[in-house]
Amino acid sequence: MIKVKKLFKRVFMLAVAGLFFSRSYDCVTAARVASYSNENSARELLGSAYKAYAAADYPSAVMLFRRALTDPQNESDSSLYMLVMAEILSKSYKAAYADMTYFLQNYPDSGYAPLIEYQQGRCLFFMGEYDKAVLALSDFCHQRPKHEMYPSALFWIAECFYAGYNFEQARPLYERIVDDFPKDAKAIEAKYRLDAINQRLREEKLLYLLQQTGESYLSSKENYEKALRRYELENAMGLSQQESDLDKLAEEGGEEPVQETAKKEVARPEKTVELSSDKNIDYNFIDALTRLKKSAAEAQGLLDQEEDGK
């Protein structure tokens, strides 16, 4: 009886142990399957991100890259670089700049590091941080003078000056790109900027000339009007005085002397007017008008040259 009880107890213990190990095996298997499923899901997300980038669907690519990179196994210098480029192309410059800072801190020796440094300068430009962009791109050019993106970095430095209307500093950079890197893609854009700068300078000179001409015209016109008013006033005062003298003579003398005096005085205003005109009119306005005509002729000549050039 005792043997039967011991045998039953052993069978029961074996059954319990088998059930326990069976459940443990099932848990381990389930965990492995879940891990494998998550791993495949993360890889699928990363693959979908690359496909979205290739299809130029950059906002979707940014979202997919971010979800895929939550798995540390998917993070690499190449996947981070693709995330940054997707952010730049979708115009998320602040997010791109932050991710580039993280990239350089964690992958400073990566082959993508020089490109990240260059893109940092471009991001600063697009964010309107022109001074910081000039510093970043200048450092890139100083440290990597043989890099393939060197002409592009020069171009974006020039663009910073151009955006700030500092054409005198932008011009030599554009000229250097055209002269030293004529086959680079940025050479065409640099030529366009040089034409735009030259056109703008011609327009500024023409506007200045027209402004000076206008000021000369207004000054001459003002002097002429003043002289004319002074002439009319003095002429009127002269006639008034003559009439007063005639009335006084008429009161003092007879009719005949008054008539004779009147005849003489009537003949006098023409001479008075002539003398008044010669003495008081400011003939400097004639020289001013002459200079005005000359300036206007020069302005017209410039306009004709511009028209012929078009």
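**Buried residues, ring pairs and a helix crossing**

Guide: Lys-186 lies in helix H9, which spans residues 186-252, and the model that shows this is a predicted one.

Visitor: Why is Lys-186 called buried?

Guide: The relative accessible area of Lys-186 is 14%, and the term buried applies under 20%, so Lys-186 falls on the buried side of that limit. Leaving aside neighbours within four places in sequence, Lys-186 is in contact with Ser-152, Phe-155, Trp-156 and Ile-177.

Visitor: What share of the residues in the protein chain is buried?

Guide: Of the 310 residues in the protein chain, 30% are buried. The chain has 11 helices and 0 strands, and of its contacts with a separation of 6 or more, 53% are between residues 24 or more positions apart.

Visitor: What makes the pair of Tyr-118 and Phe-140 tilted?

Guide: A search of the whole structure finds 16 aromatic pairs. In the pair of Tyr-118 and Phe-140 the ring centres are 6.0 Å apart and the planes stand at 50°; a pair needs centres within 6.5 Å, while planes under 30 degrees apart would be stacked and planes over 60 edge-to-face, so an angle of 50° leaves the name tilted. Tyr-118 belongs to helix H5 (residues 113-126) and Phe-140 to helix H6 (residues 130-143), so the pair ties together parts that are 22 residues apart in sequence. Both Tyr-118 and Phe-140 are buried.

Visitor: Why is the pair of Tyr-162 and Tyr-174 called edge-to-face?

Guide: The planes of Tyr-162 and Tyr-174 stand at 75°, with the ring centres 6.5 Å apart, and the name edge-to-face is given over 60 degrees, so the angle decides the name. Tyr-162 is in helix H7 (residues 150-163) and Tyr-174 in helix H8 (residues 167-180), which means that the pair ties together parts 12 residues apart in sequence. Tyr-174 has a relative accessible area of 0% and is therefore buried, the limit being under 20%.

Visitor: Which residues do ring pairs link into a cluster with Tyr-162 and Tyr-174?

Guide: The cluster linked by ring pairs holds Tyr-93, Phe-125, Phe-126, Tyr-130, Phe-155, Trp-156, Tyr-162, Tyr-165, Phe-167 and Tyr-174.

Visitor: What describes the packing of two helices?

Guide: Two packed helices are described by the angle between their axes and by the distance between the axes. For H2 (residues 58-68) and H3 (residues 77-89), the axes come within 8 Å and cross at roughly 145°, and the crossing is left-handed. On the H2 side Tyr-58, Ala-61, Val-62, Phe-65 and Arg-66 take part, and they meet Ser-79, Met-82, Leu-83, Ala-86, Glu-87 and Leu-89 in H3. By class, this contact has 8 nonpolar, 1 polar and 2 charged residues.

Visitor: Why does Val-62 count as buried?

Guide: Val-62 has 13% relative accessibility, and buried means under 20%, so Val-62 qualifies. Residues up to four places away in sequence not being counted, Val-62 touches Leu-83, Ala-86, Glu-87 and Ser-90.

Visitor: What is the phi of Ala-56, and what is the phi of Lys-91?

Guide: Phi of Ala-56 is near 65°, and Lys-91 has a positive phi of about 65° although it is not a glycine. Most residues other than glycine have a negative phi.

Notes: Residues numbered from 1 in each chain as written. Predicted model: local features only at pLDDT ≥ 70, side-chain atom pairs only at ≥ 80, totals over all residues. Heavy atoms only, no water. Axes fitted to C-alpha atoms, helices over the stretch in contact; angles between N-to-C directions. Helix = DSSP H or I, 4+ residues; strand = E, 2+ residues; numbered from the N terminus. Left-handed = near helix turned anticlockwise from the far one by under 90°. Contact = heavy atoms within 4.5 Å. Nonpolar A, V, L, I, M, F, W, Y, C, P; charged D, E, K, R; others polar. Buried < 20%, exposed > 50% of the residue type's maximum accessible area, 1.4 Å probe, protein only.
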